[in-house]
Amino acid sequence: MKNLKKKLLKLVKIFVIIFVCLAAFFVYIFIEPYWINEKTTTISDSDVPQNFEDKKIVFISDIHHGPYFERERVADLVRKVNDLEPDIIILGGDYVSGDVGYIGPCFEELSRLKADMGIFGVTGNHDEWTDYNLTVKCMENAGITVLSNRAEWLEIGEDKIKIAGVDWSTDWYFNSEPYVDPLVKDAEENDFVILVSHTPDLAEELTTDKVDLVLSGHTHGGQITFFGLWAPYVPSYYGQKYRTGIVKTDKTMALVSNGVGNTFLPIRFFARPQINIIILDHP
């Protein structure tokens, strides 16, 4: 009888531990989406001109304004970004989720972003699925330069860098080069060129050597991961490779953001939302 009581007590302890762990897990996955990480990455490249050294780029992607990312959170995101005093702001697409009615309010808030050298953005798959034309119109009205398969030179004195961007579209998603080549044809090998693409897969498909840095989102860092090491699902043809962080290829280097919002469910696990701070460095 004594041994039986000990066994029962041990089983109860095990069940309590399992219950507490499961409860903590379910609480945490709903808390992490609010725990935004301001992640700083220094890009050291000899192509960075002297006058652009220490310039700060803030990159945000995948806001997904909608039922799970309310307007107040978009406004708070704008305040966080402005407090960083960026020189350049780049937006990586997927501004809303699910309903065209979220587009206008989202960009009313994003119109308050401030950056001395400009605010630039591309569209993502959710923008095209919701209302591409309205999204672009609202971006323009908000003072955002829309990099819709186009590029802009930024100049400081005699120095310059190029920021190019592509829309989410099956035309370039499966055959990127015809769209990318014209964007960088006037750039030299020693020019610093940033390419903004909602999906990081484009970095794998490049054949030009002129792109120094690709900025992407789309993957949400996996959103639900095995303690940040592996995700059951990554929306990329290349699986875990482009889940998050810096990825180097033969042609370029990509920075893949976890993004700030969520899709499907308002949960994350060891894939914290990110505001990416990029510091340019001339070694």
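**A tour from pocket to sheet to cysteines**

The lining of the largest pocket divides into 9 nonpolar, 9 polar and 1 charged residue; Ala, Val, Leu, Ile, Met, Phe, Trp, Tyr, Cys and Pro count as nonpolar, Asp, Glu, Lys and Arg as charged, and the others, Gly among them, as polar. This is a predicted model, in which local features need pLDDT of at least 70 and side-chain atom pairs count only at pLDDT 80 or more, while totals for chains, interfaces and linings use all residues. Residues are numbered from 1 along each chain as its sequence is written, and side-chain values use heavy atoms, with hydrogens and water left out.

Select H218, Y233, P235, T263 and F264: of the 19 lining residues, these lie nearest the centre of the largest pocket. A pocket is an open set of points on a 1 Å grid over the protein atoms alone, where a 1.4 Å probe fits, with protein on both sides within 12 Å along at least five of seven lines; lining residues have an atom within 4 Å of a point. The volume is about 390 Å³, taken as the space filled by probe spheres set on the points, which are joined across faces, edges and corners.

Next, show the open, mixed sheet of 6 strands, ordered β1-β12-β2-β3-β4-β5. Strands are DSSP runs (E, at least two residues), numbered from the N terminus, and two of them pair if DSSP finds at least two bridges between them. β1 (37-44) and β5 (145-146) each have a single partner strand, so one side of each lacks a neighbour in the sheet. β1 runs parallel to β12 (residues 274-281) over 8 bridges; pick E38 and find its bridge partner I275 in β12.

Finish at C106, which is in no disulfide (a pair of cysteine sulfur atoms within 2.5 Å).

Methods: Helix = DSSP H or I, 4+ residues; strand = E, 2+ residues; numbered from the N terminus.
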